[in-house]
Amino acid sequence: MKILAYRDTTGDEPISVYQAIRLRERDPLNYEGRRYYHLIDRRELTAKKRVKNGVDSSSFAFADAPGGDGHGRGGMGIAHALTQIFLRDEANHTGLVRIALFKREFTLEVEEARLEVTFEHAPSGRRLVADVVYTLRDGSEGAEIFGRQLILEVTDQHACSLTKIRLFKEMGIAAIEFTLMSSFHIENDIAMSHDELQSLRRKIHNLCRGRLRVRKLHTLVRV
């Protein structure tokens, strides 16, 4: 998520690192040293322009991390990040997640939705980060299938790995996958405008406001 950040502490509007760099180059008096805010924990970020072997790998970096911490090209895409944000915020706002899995439909009651939650696979000590984690309310529809915690993985270009699915199973955590339409994918392009970013955001919101058609990665009982 280090290609996108919030413009200010209200967390209402995201900005891409490429937009932030352009603003700084055009108006250094107002944007040099400008701080932005991480999409999950609101830690302060700065925009870092990086080019390695001719490839742009610019990203936001934590302001309090020596040398900067972040990823650029090859990390999470913009459509992926915007989808995660919406799925978290919508669930926390409505208290519901509506999904279609195989030929069944579920309306899940959500106590809390969180982004990028780290789990540890105790036997191996291996750590994995889940895109969205829903904590379901006791007695929610589908509780016997999904349990208390349900992971939702968002797929933009690459499906969830077989290794990650195996770890979900071994840890006994239910997980599903939501795949974005290929037309939503964009390269991490320094030329992307604010209007284009907002247009993509609206498309994602319209898609995700309905019932999510998901793929089973692991459930606690057979569906």
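Visitor: In strand 9, which residue is the bridge partner of Ala100?

Guide: The bridge partner of Ala100 is Glu105 in strand 9. Helices (H or I, at least four residues) and strands (E, at least two) are DSSP runs numbered from the N terminus, and two strands pair if DSSP finds at least two bridges between them. This is a predicted model, in which local features need pLDDT of at least 70 and side-chain atom pairs count only at pLDDT 80 or more, while totals for chains, interfaces and linings use all residues. Residues are numbered from 1 along each chain as its sequence is written, and side-chain values use heavy atoms, with hydrogens and water left out.

Visitor: In what sense do strand 8 and strand 9 pair, and over how many bridges?

Guide: Their pairing is antiparallel, with 6 bridges. They form a hairpin that has 2 residues between the strands, and Phe102 in the turn shows a positive phi of about 55 degrees. Strand 8 also runs parallel to strand 13, to which 3 bridges join it; here Ile99 has Leu212 of strand 13 as its bridge partner.

Visitor: Which strands close into a barrel, and in what order?

Guide: The barrel is closed by 6 strands in the order 8-9-10-11-12-13, with mixed pairing. From one strand to the next the twist averages 55 degrees. Axes are lines fitted to C-alpha atoms, for helices over the stretch in contact, and angles run from 0 to 180 degrees between N-to-C directions. One of the parallel pairs is strand 11 (residues 149-155) with strand 12 (residues 174-179), over 6 bridges. In that pair, Leu152 stands opposite Ile176 of strand 12.

Visitor: Which strands does helix 3 touch as it packs on the sheet?

Guide: Contact means heavy atoms within 4.5 Å. Helix 3 (residues 78-94) touches strand 8 (96-101), strand 9 (104-121), strand 10 (126-136), strand 11, strand 12 and strand 13 (212-218), and its direction makes about 120 degrees with that of strand 9. Helix 5 (residues 162-171) packs on the sheet as well, touching strands 9, 10, 11, 12 and 13; its direction makes about 65 degrees with that of strand 10.

Visitor: How is a pair of packed helices described?

Guide: The description consists of the angle between their axes and the distance between the axes. For helix 3 and helix 6 (residues 194-208), the axes come within 10 Å and cross at roughly 50 degrees. The two helices are therefore oblique to each other; angles under 35 degrees count as roughly parallel, over 145 as roughly antiparallel, 65 to 115 as roughly perpendicular and the rest as oblique.

Visitor: Which residues make the contact of helix 3 and helix 6?

Guide: Helix 3 contributes Ile78, Ala79, Leu82, Thr83, Phe86 and Leu87, while helix 6 contributes Leu197, Leu200, Arg201, Ile204, His205 and Cys208. These residues divide into 9 nonpolar, 2 polar and 1 charged, where Ala, Val, Leu, Ile, Met, Phe, Trp, Tyr, Cys and Pro count as nonpolar, Asp, Glu, Lys and Arg as charged, and the others, Gly among them, as polar.

Visitor: Where do strand 3 and strand 4 form a hairpin, and which residue in the turn has a positive phi?

Guide: The hairpin has 6 residues between strand 3 and strand 4, and Arg42 in the turn has a positive phi of about 65 degrees. Strand 3 (residues 36-37) and strand 4 (residues 44-48) run antiparallel and are joined by 2 bridges, with Tyr37 opposite Glu44 of strand 4. Strand 4 is also joined by 4 bridges to strand 7 (residues 59-62), again antiparallel.
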